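Open the model in your viewer and keep the selection panel handy.

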Amino acid sequence: MTQRIEDYALIGDLQTAALVGRDGSVDWLCLPRFDSAACFAALLGDEENGHWRIAPRGADVCTRRGYAGDSLVLETFWETATGTVKVVDFMPQRDTAPDVVRIVEGVSGTVEMEAVLRLRFDYGRVVPWVRRTDGHRVAVAGPDAAWLRSVPEVRTWGQGYSTCSSFTVEAGEQVAFVLTWHPSHEPRPDLVDPFEALEHSLEDWKEWAGRCDYDGPYRSAVMRSLITLKALTFAPTGGIVAAATTSLPEDLGGVRNWDYRYCWLRDSTLTLGALLEAGYLDEAASWRDWLLRAIAGNPADLQIMYGLGGERRLPELELPWLGGYAGSTPVRIGNGAVDQTQIDVYGEVVDSLFLAHQAGLPPKEHAWKLQLSLLGFLESAWREPDEGLWEVRGPKRHFVHSKVMAWVAADRVVRLLEQEPHLGGDAERWRAMREAIHQEVCEKGYDPERNTFTQSYGSRELDAATLLIPRVGFLPPDDPRVVGTVEAVRDELAADGFVRRYSTEDGAEGAAVDGLPGQEGTFLVCSFWLADALRMTGRDKEARELFERLLGLCNDVGLLAEEYDPVARRQLGNFPQAFSHIGLVCTALALARDDAEAAG
């Protein structure tokens with residue numbers, strides 16, 4: 001694919017999402033859910049793996065594009081020698097079946113338009129049988145069916161296992177295309193009026209955006225990030241996927257290609273905090289409730305990620321018929337890291353439930369017993385090695401961040417018992433656990449010679465996750481060990497001012513920890529963490545400068561992937577990435593709090 005990751009924009013209906021390129025092509029769409037098989041998979045292969053392009057005849061890329069206000073309705077403008085046209089792309093919030101609506105509107109002059117639809121079910125592998133019925137094109141293959149219609153009808157024909165259309169629009173004229181998916185054994189869903197659907201979508205997003213409590217600096221970037229988080233939410237359950245895609249590479253041409261269409265527990269506290277502070281209490285409560293359902297059961301079986309509905313089995317497979325984005329193979333679906341042991345998730349879950357309680361979300365009767373059960377398991381488990389926050393595929397180690405988050409779990413339970421002793425629990429027992437963890441981490445996870453916390457016990461490698469130590473309250477921001485860690489991470493893990501998760505340089509200890517060949521870009525959420533750490537340690541000017549540089553990495557419609565390559569100056573990894581946008585929101589809100597306090 002010639003398009004960069006940042007050349008894509010996102011549309012969605014709160015159950016799945018599509019990526020639309022600057023060339024007017026929908027190159028990624030999974031139906032009916034985020035984690036379903038893709039019917040457009042050109043993003044990870046080529047046009048024969050499925051796409052849907054609408055553009056002026058002979059045009060390459062659009063002139064400009066943007067979202068309509070605070071919405072997920074994409075407007076793409078094309079200026080040609082004969083006139084200007086606008087294409088409006090969106091997915092209405094569904095009643096039953098998912099729809100993709102594309103409305104072509106003449107702005108000035110006369111523009112000849114072309115459309116090519118290549119449906120390829122099962123991640124670009126299955127060519128459907130297409131027939132014409134009552135002016136519709138109906139594509140069927142196995143369990144999948146899709147209907148294409150235009151309003152008004154335009155000249156359409158089949159060619160090369162594709163559905164092609166050509167038409168002309170003048171100023172003020174509109175032609176709408178609607179693609180509707182449904183299970184092939186069911187009757188066709190009710191038809192959607194594309195123009196009414198557009199009005200309703202704009203109204204829905206305006207109402208949702210109007211609930212935002214934040215009106216401080218960087219509001220446009222914050223609002224776009226919150227809309228992106230909403231777009232990555234699976235509305236039926238409240239689960240939030242890490243990204244809309246699978247296998248966009250962290251290393252171009254390499255093997256670091258993973259499926260992020262699932263819900264990670266590591267994101268839970270930061271996600272909940274961002275939603276609560278921005279005023280989205282319903283979304284925060286839905287995420288909390290999803291979390292409680294997903295983790296219910298034996299504490300020893302707690303996973304690092306779950307499916308959209310809390311599914312536990314996410315087997316990892318490779319799709320050899322897809323050539324990968326920019327030749328990056330293998331393309332994977334499912335995620336084998338689901339079976340890893342990560343001690344930090346216990347802390348993130350307990351911290352999330354503590355935050356929900358402090359924010360006044362309606363309590364859940366069983367939540368406290370569940371937290372005590374998790375802590376009871378963690379009482380012995382925290383002493384064991386694990387794979388750590390970053391899901392390394394090398395040997396287990398005693399990762400410092402994992403131990404710190406175990407401390408967080410004990411700390412939050414103790415604090416809640418101190419506030420509300422009637423809840424019941426052995427506070428002294430958990431205080432002793434908290435103190436034991438703290439003492440061990442400070443003895444074994446700290447390098448006094450370099451004045452920094454390390455990635456794991458006995459290691460000299462660093463880890464950007466240790467930037468969270470003051471944020472979670474393990475040590476105060478002015479502790480010399482915290483200040484030293486911030487300096488060390490910035491000196492050793494930074495590239496052009498942005499932060500890598502850990503070292504993956506050839507020959508570095510990090511390569512052995514990682515267990516993978518190749519390198520990766522700077523990790524955007526880690527760079528937001530550095531901005532937070534600089535702010536907390538009194539370096540406000542540097543924190544704000546870094547934050548504003550990070551804002552500059554957003555693409556033309558305000559979206560961020562997982563990583564950034566400062567050498568090639570391009571985004572890397574799955575897109576758009578919830579963790580990156582959570583980091584943006586949290587840092588912006590923290591800077592705004594500082595401004596408010598400074599103003600008195």
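**Stop one: the cavities**

This structure holds nine cavities of 30 Å³ or more. It is a predicted model, in which local features need pLDDT of at least 70 and side-chain atom pairs count only at pLDDT 80 or more, while totals for chains, interfaces and linings use all residues. Residues are numbered from 1 along each chain as its sequence is written, and side-chain values use heavy atoms, with hydrogens and water left out.

A cavity here is a set of points, on a 1 Å grid over the protein atoms alone, where a 1.4 Å probe fits but cannot get out; lining residues have an atom within 4 Å of a point. Points are joined across faces, edges and corners, and a volume is the space filled by probe spheres set on them.

Select Trp258, Trp390, Glu391, Arg501 and Leu516: of the 14 residues lining the largest cavity, these lie nearest its centre. The space inside is about 140 Å³. Its lining divides into six nonpolar, one polar and seven charged residues (Ala, Val, Leu, Ile, Met, Phe, Trp, Tyr, Cys and Pro count as nonpolar, Asp, Glu, Lys and Arg as charged, and the others, Gly among them, as polar).

Next, the second largest cavity, at about 100 Å³. Its lining includes Arg132, His136, Arg149, Glu153 and Phe177. Which strand gives the most to this lining? Colour β12 (144-151): β12 supplies three residues, the most of any. (Strands are DSSP runs of E with at least two residues, helices runs of H or I with at least four, numbered from the N terminus.)

**Stop two: a helix pair**

Show α3 (residues 219-231) and α14 (residues 578-598), whose axes come within 9 Å and cross at roughly 140 degrees. Axes are lines fitted to C-alpha atoms, for helices over the stretch in contact, with angles from 0 to 180 degrees between N-to-C directions. Among the residues that meet here are Val222 and Leu226 in α3, and Ile582 and Val585 in α14 (contact means heavy atoms within 4.5 Å). The residues of this contact divide into nine nonpolar, three polar and no charged.

**Stop three: a three-stranded sheet**

Finally, display the open sheet ordered β26-β27-β28, with antiparallel pairing. β26 (522-523) and β28 (570-572) each have a single partner strand, so one side of each is left without a neighbour in the sheet. Two strands pair if DSSP finds at least two bridges between them. Zoom in on Thr522 to find its bridge partner in β27, Tyr564.

Methods: On a 1 Å grid over the protein atoms alone, a cavity is a set of points where a 1.4 Å probe fits but cannot get out, and a pocket is an open set with protein on both sides within 12 Å along at least five of seven lines; lining residues have an atom within 4 Å of a point.
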